Amino acid sequence: MHLSNESLLVILLVGLVAGWLAGQIVEGTGFGLIGDLLIGIVGAFIGNWLLPRLGIHLGAGLVAAIINATIGAVVLLLIVRLLRGGGRGWGWRGSRRW
């Protein structure tokens, strides 16, 4: 598979925007610029795998790619939060009321 410079730039742009959006949606999980970029790129792969299996097709284009990657990144951040056991009200330690 050959990626041109333009397509690599689009992938990085979509990953960065999706990672930032996912960090805003899932509060308390900011990973910085590089971390958000990686979360967004991995989220794009998750979104491209998960959404068609759920019967969701967003179409083509940059906006659809950003939405798809953001959904995948949100799923990834929620899984990371569940595995870490942290966050607001998530996990075992966050919901004690004594």
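Select Thr70: its place is in helix α3. Helices here are DSSP runs of H or I with at least four residues, strands are E runs of at least two, and both are numbered from the N terminus. This is a predicted model, in which local features need pLDDT of at least 70, side-chain atom pairs count only at pLDDT 80 or more, and totals for chains, interfaces and linings use all residues. Residues are numbered from 1 along each chain as its sequence is written, and side-chain values use heavy atoms, with hydrogens and water left out.

**Thr70.** Is Thr70 buried or exposed? Thr70 is buried, with a relative accessible area of 7%. (Buried means under 20% relative accessible area, exposed over 50%, and partly exposed in between, with a 1.4 Å probe and protein chains only.) Now show what Thr70 touches: Ala18, Leu21, Ala22 and Ile25, leaving aside residues up to four places away in sequence. Contact means heavy atoms within 4.5 Å.

**Along α3.** Select residues 62–84, which are helix α3. α3 has 23 residues. From first C-alpha to last, α3 reaches 32 Å, close to the 33 Å expected at 1.5 Å a residue. That expected span is 1.5 Å times one less than the number of residues. Color the buried residues of α3, among them Ala64, Ile66, Asn68, Gly72 and Arg81. What covers the buried residues of α3 includes α1 and α2. Step past the end: α3 is followed by Gly85, whose phi is positive, near 75 degrees.

**α1 against α3.** Two packed helices are described by the angle between their axes and the distance between the axes. Axes are lines fitted to C-alpha atoms, for helices over the stretch in contact, and angles run from 0 to 180 degrees between N-to-C directions. α1 and α3 are therefore oblique to each other. (Under 35 degrees counts as roughly parallel, over 145 as roughly antiparallel, 65 to 115 as roughly perpendicular, and the rest as oblique.) On the α1 side of the contact, pick residues including Val10, Val14, Val17 and Leu21. (Ala, Val, Leu, Ile, Met, Phe, Trp, Tyr, Cys and Pro count as nonpolar, Asp, Glu, Lys and Arg as charged, and the others, Gly among them, as polar.)

**α2 against α3.** Next, select helix α2, residues 32–53. How do α2 and α3 pack, and at what angle? They pack at about 105 degrees, with their axes 6 Å apart. That makes α2 roughly perpendicular to α3. The contact includes Ile39, Gly43, Ile46 and Leu50 of α2, and Asn68, Ile71, Gly72 and Leu76 of α3. By class, the contact of α2 with α3 has twelve nonpolar, six polar and no charged residues.

**Along α2.** Stay on α2, which has 22 residues and reaches 31 Å from first C-alpha to last, close to the 32 Å expected. Its buried residues include Gly35, Asp36, Leu37 and Gly47. The buried residues of α2 pack against α1 and α3. After α2 comes Gly55, with a positive phi near 80 degrees.

**Zoom out.** Show the whole protein: it has three helices and zero strands. Of its 98 residues, 30% count as buried.
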